[in-house]
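Trainee: I'm new to this one. Could you walk me through it and tell me what the words stand on?
Mentor: Gladly, let's look together.

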Amino acid sequence: MAVAGMSTVVLLVGLPGSGKSTLLNALRGHLPWPVIDRDRIRQAMFPEPFDGRAEKDAANEAVWAALAAHLQGGQSVFIDGMTFASLANRDRAAAIAAGYGARLRQLWVDVPVAVAAARIAAQTGHPSPERTPALAAEVAERFAPLQEPFLKLDATQPLGQLAARAADWLRA
């Protein structure tokens, strides 16, 4: 069982187009925790994009500050809008969580690269200007292996089943 009163930080991990945000929307029906969404933060900070790397770095710092603020307030939180392909970003989230006595959980939203690319191609209105079908393969090439604890979810399966499974795992 989860420790009573212990905050949880949930990283939605996966390729662009894997369905992280879609899963999160369904999951919030089970666990209505706040969401820190790097894509939305970046869009608010930089409504007119000018430099992808600089914008992402600034938005990442805002994510870490928001995470610390939520944890200081004793809240559990989801982080979305990032692939968490890099071990450095996962480690940063883990360090912040540990600093507040929170537990870190990773939901690995897994799909084949071709599925992710097709989903990106079909999607409109995403806030990230770099989001193209080719991005799925680029991110897959540099994806660092996950370390426990994580729950691997096959995001080609029915969304309701995935959300219920993830919610049960996060409550345990």
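Trainee: At the start of α2, which backbone nitrogen does a side-chain oxygen of Asp37 reach?
Mentor: That of Asp39, to within 2.9 Å. A polar contact is a pair of N or O atoms within 3.5 Å; within protein, one must be able to donate a hydrogen and the other to accept it, and residues adjacent in sequence count only if both atoms are side-chain atoms. Before we go on: this is a predicted model, where local features need pLDDT of at least 70 and side-chain atom pairs count only at pLDDT 80 or more, while totals for chains, interfaces and linings use all residues. Residues are numbered from 1 along each chain as its sequence is written, and side-chain values use heavy atoms, leaving out hydrogens and water.

Trainee: What makes α2 a helix, and which of its residues are buried?
Mentor: Helices (H or I, at least four residues) and strands (E, at least two) are DSSP runs, numbered from the N terminus. Helix α2 covers residues 38-45, and Arg38, Asp39 and Arg42 in it are buried, where buried means under 20% relative accessible area, exposed over 50% and partly exposed in between (1.4 Å probe, protein chains only).

Trainee: Why are those three said to be on the same side of α2?
Mentor: Because they cover an arc of only 100 degrees around the axis; the arc is that of the directions from the helix axis to the C-beta atoms. The buried residues of α2 pack against β2 (35-37), α3 (52-72) and β3 (77-80), with contact meaning heavy atoms within 4.5 Å.

Trainee: How do you know that β1 and β3 pair?
Mentor: Two strands pair if DSSP finds at least two bridges between them. Three bridges join β1 (residues 8-13) to β3, so they qualify, and they run parallel. Val9 stands opposite Val77 in β3. Three bridges also join β2 to β3, with Phe78 as the partner of Val35. Six bridges join β1 to β4, and five join β4 to β5. Gln106 of β4 faces Leu11 and also stands opposite Phe150 in β5.

Trainee: Why is the sheet called open, and what is its order?
Mentor: The five strands run in the order β2-β3-β1-β4-β5, with parallel pairing. β2 and β5 (150-154) stand at the edges with a single partner strand each, so one side of each is left without a neighbour in the sheet.

Trainee: What makes β4 largely enclosed?
Mentor: Six of its eight residues are buried, so the rest of the structure largely encloses β4. In β3, Val77 and Ile79 point one way and Phe78 and Asp80 the other, and all are buried.

Trainee: How does helix α1 lie against the strands?
Mentor: Helix α1 (residues 20-27) lies across β1, β2, β3, β4 (103-110) and β5, at about 160 degrees to β3. Axes are lines fitted to C-alpha atoms, for helices over the stretch in contact, and angles run from 0 to 180 degrees between N-to-C directions.

Trainee: What is meant by a nonpolar core, and how many residues has the largest?
Mentor: A nonpolar core is a set of buried Ala, Val, Leu, Ile, Met, Phe, Trp, Tyr and Cys residues joined through side-chain atoms within 4.5 Å. The largest has 27 residues, and Leu12, Phe78 and Leu170 are among those with the most contacts inside it. Helix α7 gives the most to this core, with five residues.
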